[in-house]
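The entries follow in the order I looked things up.

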Amino acid sequence: MLFTDHATTARPETPPLAEQPLAARMRPRGFDEYCGQDHLIAPGRLLRRAIDADQFSAIILYGPPGTGKTTLAELIASKTASHFEPLSAVVATVADLRRCIKEASARRRLRSGLRTVMFIDELHRFNRAQQDVLLPHVENGTVRLIGATTENPFFCVVGPLLSRSQVFQLAALDEEAIARLLRSCCSDERAFPNHTIGCDDAALEFLAAASEGDARRALGAFELAVLSTEADAARVTTITAEIAAESVQRKPITYGADGHYDTASAFIKSMRASDPDAAIYWLAKMLEAGEDLRFIARRIVIFASEDIGNADPRALTIATDTMTAVEKIGMPEARIVLSQAVTFCATCPKSNASIRAIDSALHDIRNERTQQVPAHLRDAHYAGADKLGHGKGYQYDHNSPDGFSGQSCIGSQKRYYEPVDAGYERQIRERMTYWDSVRRRQGGE
């Protein structure tokens, strides 16, 4: 009774293999059929060594969709002669976890030490309390955990579970690997047992490129192409590039939580590197992925001050005007306004003097004794202020030559703003050098 399948939401009934999608029918039966991830499972690599030695307690597989996380988990379980217990964090509950853990404990006790690999797909969908349930049982070896997630585990997995796990990052498959996988579908009896398949190299190349490194997506498009194409007189179903393109329609963009931050980072760093072509490319990716226009505009505004600053003060004006414009007009025309702002910012002279100035001053405010306002700068507009000496000795700068008195406005002589020798800040630098010379002359007098 302990090992009887329970009707739970975590273990939906699996249809016969012939009725499953092509991606399920073509699931690799061994490492020799597994596509990609050589950096993890090639002989001698850490994960492969752990599998071959049957020495692991918890593994988290992290990577984009369609890169073989579930398949790899099944291969690990079969290679290590463990019972495989699949769960989906989308539908599984704490009760499901406790049931599986109880069965794993009994299985190990009654079946000559047979161990259980608990595979949790979409691990990031479990909340903290659900993840905490796993901790003691992973710790004492009741279950061997393999978690799969498309999200960065360092953001979505609780620290105690993360510390007990080895994290392995899977990469999107390259086009050659996907083309090889699709080519195998033309001859493997599991793929289309009642069809004879022919496929142009151009069709394979197109599907491999359009799938964005997602094998499941490529196999889904290929299956649609085969099943929707009539065979010729020789009963051969031939997939051409045109048929492949129709099967894909609009190429989706892989853009998960990490994609959001990573793409935004590449976008900002491309503008900082004065590379307008790269900046426009990352902007296009964000737009195509449906990124919030306000987020993009805010990043441009921040960039205009943080990375351009006074080297070209027009950048901030253009950036704020861009924010207003995209709010008012939206897509698709907003792409034009954003493109103008991005290319302008990317080709501006660069200076981070403004952010360095404020951060340096904030450091001093937080870590050193706070400077008191000098008496001559204090408010002297109220009755009795003169009795306190407020405003005494203040020099009205407009009455001085060049509008500069040279008076000290802080008790410290530390320099916070250091303009760079680029763009308009070059002129600011020259002006500040002149003011310094005036102060030195006054000090000498």
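**Burial, one residue to start.** I call a residue buried when its relative accessible area is under 20%, exposed when it is over 50%, and partly exposed in between, with a 1.4 Å probe and protein chains only. D96 is buried, because its relative accessible area is 6%. I place D96 in helix α5. Helices (H or I, at least four residues) and strands (E, at least two) are DSSP runs, numbered from the N terminus. The accessible areas come from the Shrake-Rupley method with a 1.4 Å probe, and for residues only the protein chains shown count as cover.

**Source.** The model is predicted, so I note that local features need pLDDT of at least 70, that side-chain atom pairs count only at pLDDT 80 or more, and that totals for chains, interfaces and linings use all residues. Residues are numbered from 1 along each chain as its sequence is written, and side-chain values use heavy atoms, with hydrogens and water left out.

**Overall form.** I looked up the secondary structure and found 19 helices and 7 strands in the protein. Buried residues are 41% of the 445 residues. The C-alpha trace spans about 100 × 60 × 40 Å along its principal axes. I then checked the radius of gyration, taken over C-alpha atoms, against the globule rule of 2.2 Å times the number of residues to the power 0.38. The protein has 32 Å, whereas a compact globule of 445 residues would have a value near 22 Å.

**Backbone.** Which peptide bond is cis, with omega near 10 degrees? I found that bond running from M331 to P332. P332 sits in the loop between α16 (314-329) and α17 (334-347).

Q37 has phi near 60 degrees and is not a glycine. Q37 lies in the loop between α1 (22-25) and α2 (38-41), and Q37 counts as buried because its relative accessibility is 5%. R235 is not a glycine either, and its phi is positive at about 65 degrees. R235 belongs to the loop between α11 (215-227) and β7 (236-239). Is R235 buried or exposed? I list R235 as exposed, because its relative accessible area is 71%.

I took one distance from R235 back to D96. The two are 139 residues apart in sequence, and their C-alpha atoms are 48 Å apart in space.

**Salt bridges.** I count a salt bridge when a side-chain nitrogen of Lys or Arg is within 4 Å of a carboxyl oxygen of Asp or Glu. A search of the whole structure returns 20 salt bridges.

I looked at R99 with E85, where the closest N and O atoms are 3.9 Å apart. This pair links distant parts of the chain, with R99 in helix α5 (residues 94-110) and E85 in strand β2 (residues 83-88), 14 residues apart. Both R99 and E85 are buried.

R107 bridges to E103, with 3.8 Å between the closest N and O atoms. R107 and E103 are separated by about one helical turn, because they are 4 residues apart in helix α5. R107 is buried at a relative accessible area of 2%, and E103 counts as buried at 5% relative accessibility.

D188 pairs with R190, and their closest N and O atoms are 3.0 Å apart. Salt bridges with shared partners join R29, E33, D188 and R190 into one network. D188 is buried at a relative accessible area of 17%, and R190 counts as buried at 16% relative accessibility.

**Surface patches.** Patches are made of residues with over 30% relative accessible area and no salt bridge; like charges are joined within 9 Å, and nonpolar side chains (Val, Leu, Ile, Met, Phe, Trp, Tyr) within 5 Å. Lys and Arg count as positive and Asp and Glu as negative, while His and the chain ends are not counted. The place of a charge is NZ of Lys, CZ of Arg, CG of Asp or CD of Glu.

Which residues form a negative surface patch? I list D174, E175, E176 and E205. E205 lies in helix α10 (residues 201-210) and counts as exposed at 54% relative accessibility.

A nonpolar surface patch of about 380 Å² is made by V373, L377, Y394 and Y396. L377 lies in the loop between α18 (353-367) and α19 (424-444). I note L377 as partly exposed, because its relative accessible area is 31%.
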